[in-house]
Amino acid sequence: MAERTKGNDMSRTRTSRWWPAGLLALPLLLIACVTINVYFPAAAAEKAADRIILDVYGKKPGQAPAKTPESKPDGQTSPDQSSRLIPHDGQHGPNLLVRLAFALVPPAQAAADLSISSPAIRSLTASMAARQKSLQPYFANGAIGLTNDGLIALRKPGAVPLKERNRLRKLIEQENQDRNALYREIARANGHPEWEQQIRGTFARRWVANAPKGWWYQDAKGNWAQKQ
Amino acid sequence: MTLDLGSLQGPTWRAEGVNVALRLREGDRAKLSATVRRLTLPPPLGVIRNARITCPRARLSDTVIACPQGTLALHTPRLGQRQAGLSFRYRTTDKKLELHVSALALAGGRVDVSGEYDRGAWTARIATRQVDGARLAELLASLPGWPAASSLGGKLDLHATLSGDVARGQATLRSAQIKGSVSKLAFSSADGRNAGEDIDADIDARVERRGRSWQATGRVTTRGGTVCIGPCWTLPDTDTTARLEARFDPTSGSLDLHPIQLTQGQALQATANVRLRLDGRPRLVAAQLELAPSRLKAVYGTWLQPLLIGTPIDSLDTAGRISGNVDYRAGSVQQVNLFVDDIYLDDRAQRFGIYGASGRIHWSGGDSLRESHLRWRGGHLYRVRLGAADLAFESQGSDLRLARPASVAILDGGLQIDHFSLDGIGTPALRSSFDAVLTPVSMEALTHALGWPIMSGKLSGVIPSVTYKGGELQVGGVLLVRAFDGSITVRGLRLEQLFGAVPQLYADVDLRGLDLTSLTRTFSFGNIQGRLDGHVRGLHLVDWKPVAFDARLATPSNDDSRHRISQKAVDNLTNLGGGGITGALSRSLLGIFKEFSYDRLGISCRLHDGICDMDGVAPAPHGYYIVKGGGLPRIDIIGYAHEVDWNELLARLASVTAHEGPVVK
C-alpha cells in the first residue's frame, strides 16, 4: 500500500512539473518549431529496476513483496456498481437492462511513471528469476560476474567443473539475451525507445547494489571487483 | 686406491668434494665407487648433494671403462633422497658413452633414463611408468617456460626418445619421439580457459629436423574425457583417432598441417590440410576440409554443437549422414560442397524440425553460379506440420535464390513458393524476399496444431512479398482467413525479433460478415445469432500478447439475419463485467426466457498501457449500449466503464470460456 501512495505522489509531481512546460510551449508553437525534451526519469527507473531485480534475485523488498497493480484482488478493481440486472417495464413486454461496469482502472496505474507491467517485461522477469537458481552458485564462487553494461560474463572459467561449462555458457547467453530484451522492452513499453541505454545503465548499477556480498562486478573501467 | 679430486668445474656445472675409490680385482675387474658432496647443475636440475656411484663389477681396461650393474644414490632438495640402478660403458678410443639410470622413483612412479653418445651424436631415452601428472607438474614448475599456475593430473606411461648432435660443445636436437599412454589425464591453463580431464589416450608422435625445417608425424587415440578450448567437447567413449603430419619452416614461419585426419570409428572420418603463418600473430593462410560420409549425430553432437551454443541451432537431435568439403583461401571461404543423405534435424525446444532431408548444396565464392538441390519428406515449424518439399536453388556469391517454383505442404493446405531469395549471406546486411500463395489450410487443423479453440473455416492468402532484414519480417500482401462463414483479412503483417527473446508482431486486421453462431460456439460463450463486422487496427503483440490495438466489432448496418442472444451469453457478458452477485438476481428473471432479441450489438476497445478504452454501438445514458434491444423479448446491455483493465478482462474472458459460464436455470 505504501508503494502505491508513492506512485501517486510521483505522478502528481510529474504532472506539476510538466504543466509549466506545456503552457510555455503553447505560445511558442505559434511562432516557431519547438522541441520538447522529455527527461529520463532517473529515480523512477531506479525504483523500477529494483523491483525487477529483487524479483529475479528472489528477495522481498522491505516488508511487502513488490506487486504489479494487476495482481490486486478482484475486490479492489471491481467497484460496487459492477454489474446489475435491472428489469425495465417497457411497453413492449419483457424488457431487460443489464448494466456493465467492467473492471475500472485504478488511477495510480494509469499514471505510473515508468511502467514495468507489460506482458513481455513480466515474462522476461519470470524467465530470469527461474534461471537465477542455476546461476547463483557461479555468482557465489566468482566464476561469473556482473558487467558494467548490465549483463553477466564468465570471469573465472577455472572455477567451473568442465562438465558444467557448456551448460553455463548457454545460461550466460540466455541471460544476456533476456537482459538486452528487458532494457529494450522497458524503453519501448514506456514510449521512449531512446531511453534503452539509460535504462541499461540504471540496471547495471542496481544489479550490483542489490547483489549479495562476495559477488564480483565490473567497475566503470572494466576491472573486476568483489562486492564488500 | 682413493683419489680426492677436490673441486671440478665446467662451463655450466661445478662439483665439490669429489672422491673416487678404486679396488682392483683379477684381470680388468675392479670395484669402483665415487662420491660428489655437492654437484651444482644448471636449472632446473639445481643442486645435488651426496651423489654416490657404486660399481661392484666395474671393468677397467685400456679402451673401456664399464659399470654394468651399479647403483646411484643422491639427494636433491626437491626430490629428497633417491636411489636408482646405474650402468655405463665408456670407450676411450672414440669416446663412445652409454649410460642407464633405471628404476628411479619419481612423482609416484618409476623413471628409466638412458643416454648414448657416439662420435658427435647423442640419444636419450626416458621411460615413465605410472608417473603421477600432478606430482610431475610440481617438479616441472620451476622449468623455464613452464606455464605458471597451470595444472596437470593423471598417470603417464610414456617412452620418449630424443636424439641430436654435439658440435662445438653445443648439443642440438635432431629428432624426438614420444610413445605410450596416459590415463585420467587432466590439465588446465593458468586462467582455466583451456583444460581437459578424464582423458585416456594412446600417443605416438615423432618430430625431426630436416635441414632447416621441422617435420612431425603424430597419432593420438582417445577414449572418453573432456577437452575445453573455450567451449568444451566431450570426447566419445569409443576410440577416436587423430593423425597428423606437420612441417614447420622457422625461416618463413610457415606451418603446414598436411594432413590432419580424424577418425571416430565408423561414425566419422574427416581430413584437413591447413597452412598457418606463425611469424607475428598466428594466422590461417589456407585450409581444406574434407568430410567423408559420416553420421550427422557424430559431426553435430560431438564436434559442432559446442561451437553453436547461444544460437537457435544449439540443441538439435540429429540423424542421417553428411559429407562434404570446404575450401578456405586468401582470407575467405572459396567453396562449400555439402551432401546430406536422409538427415533429421529436430529442435529440442520443439520450434522446428526437418525430417528425411537429402540433397546437395554447392556454393562458390566470386561470380560463379552454382546449383543446389534439397528435398525433404516432412518437418514442422512450432506445432504446424510441414509436408514434403523439393527445392532447387541457385547461388552466386553471397546470394541465393529458388531456381524454380516449389511447394511445401502445410497441414492440409500448401505454400506455393514462386520466388525466394536470400541476399548477403554471411554479412550483417542479410536480406530475404519471398513470394507465395497459401492454398487453403483448414482452420480445424491449424487451430488444433496451435492448441487454440477449434475453429472451422479456411486460411488462405496471396503473399506477394515477404521481406526479411535485420531480424524483421514484413509481409507485403494480404492474408485471407475464411472462418466463421465470413472473412478475416490481415494486412501490414510485420514481425520483429522473430527468434529473439521477445518477438513483436504488428498487423491490421479486418473482419467481414462473421457468423456469430459459429464464433460463440467455438469459444463456448453461449449462443449469439447474427453477423459481425469489424477491424483491429494497429495490432501490436509483444511476446505474442497484445499490448496495443484499436478494435471495433459490431453488427453490420445492413444485416438482416436473425438477431438473438441466449441467456447464457447474457450471463457470460455480465460476468465479464465483474458481476458476482448478479447471478442470483439474474436467474429468476432470465429463467423465463431462453433467448432474447436484439437490434444491434458491438463493442470497441482501444488498448494502450494495459488499459482498454471501451465503447459500444451507441451512447446510452451515463454509458454505452453493448447490446441494444429490439423485438421480443428484448434486452439492453449497457456498459458504464470507459477504462477497463485489460488483464482483468482477459482473466475473466478466460474463465468464462474455460468453464462455459454459469448455467442459468
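Is Leu511(B) buried or exposed? I found Leu511(B) buried, with 21 other C-beta atoms within 10 Å. I call a residue buried if 20 or more other C-beta atoms lie within 10 Å of its own, exposed if 12 or fewer, and partly exposed in between, with C-beta atoms placed from the backbone.

**Conventions.** I worked on a predicted model, in which local features need pLDDT of at least 70 and side-chain atom pairs count only at pLDDT 80 or more, while totals for chains, interfaces and linings use all residues. Residues are numbered from 1 along each chain as its sequence is written, and chains are lettered from A and ligands numbered from 1 in the order in which they are written.

**Leu511(B).** I located Leu511(B) in strand S36 (residues 504–515) of chain B. Helices (H or I, at least four residues) and strands (E, at least two) are DSSP runs, numbered from the N terminus. Leaving out residues up to four places away in sequence, I listed the contacts of Leu511(B) as Gly486(B), Ile488(B), Leu532(B), Asp533(B), Gly534(B), His535(B) and Leu553(B); contact requires C-beta atoms, placed from the backbone, within 7 Å.

I looked up strands S29 (residues 406–410) and S30 (residues 413–423) of chain B, which pair in the antiparallel sense over five bridges. Pairing requires at least two DSSP bridges between two strands. Val408(B) stands opposite Leu415(B) in S30(B). Two residues separate S29(B) and S30(B) in this hairpin, and Leu411(B) in the turn has a positive phi of about 50°.

**Sheet in chain A.** I traced an open sheet of four strands in chain A, in the order S4-S3-S5-S6 and with mixed pairing. Strands S4 (152–154) and S6 (224–226) of chain A stand at the edges with a single partner strand each, so one side of each lacks a neighbour in the sheet. Strand S3 (residues 144–146) of chain A runs antiparallel to S4(A), joined by three bridges, and Ile144(A) stands opposite Leu154(A) in S4(A).

**Helix pair in chain A.** I checked helices H5 (residues 119–140) and H6 (residues 162–189) of chain A, whose axes come within 10 Å and cross at roughly 150°. Axes are lines fitted to C-alpha atoms, for helices over the stretch in contact, and angles run from 0 to 180 degrees between N-to-C directions. H5(A) is therefore roughly antiparallel to H6(A), a term for angles over 145 degrees. By class, their contact has twelve nonpolar, three polar and four charged residues. Here Ala, Val, Leu, Ile, Met, Phe, Trp, Tyr, Cys and Pro count as nonpolar, Asp, Glu, Lys and Arg as charged, and the others, Gly among them, as polar.

How values were computed. Parallel < 35°, antiparallel > 145°, perpendicular 65-115°, else oblique. Contact = placed C-beta atoms within 7 Å.
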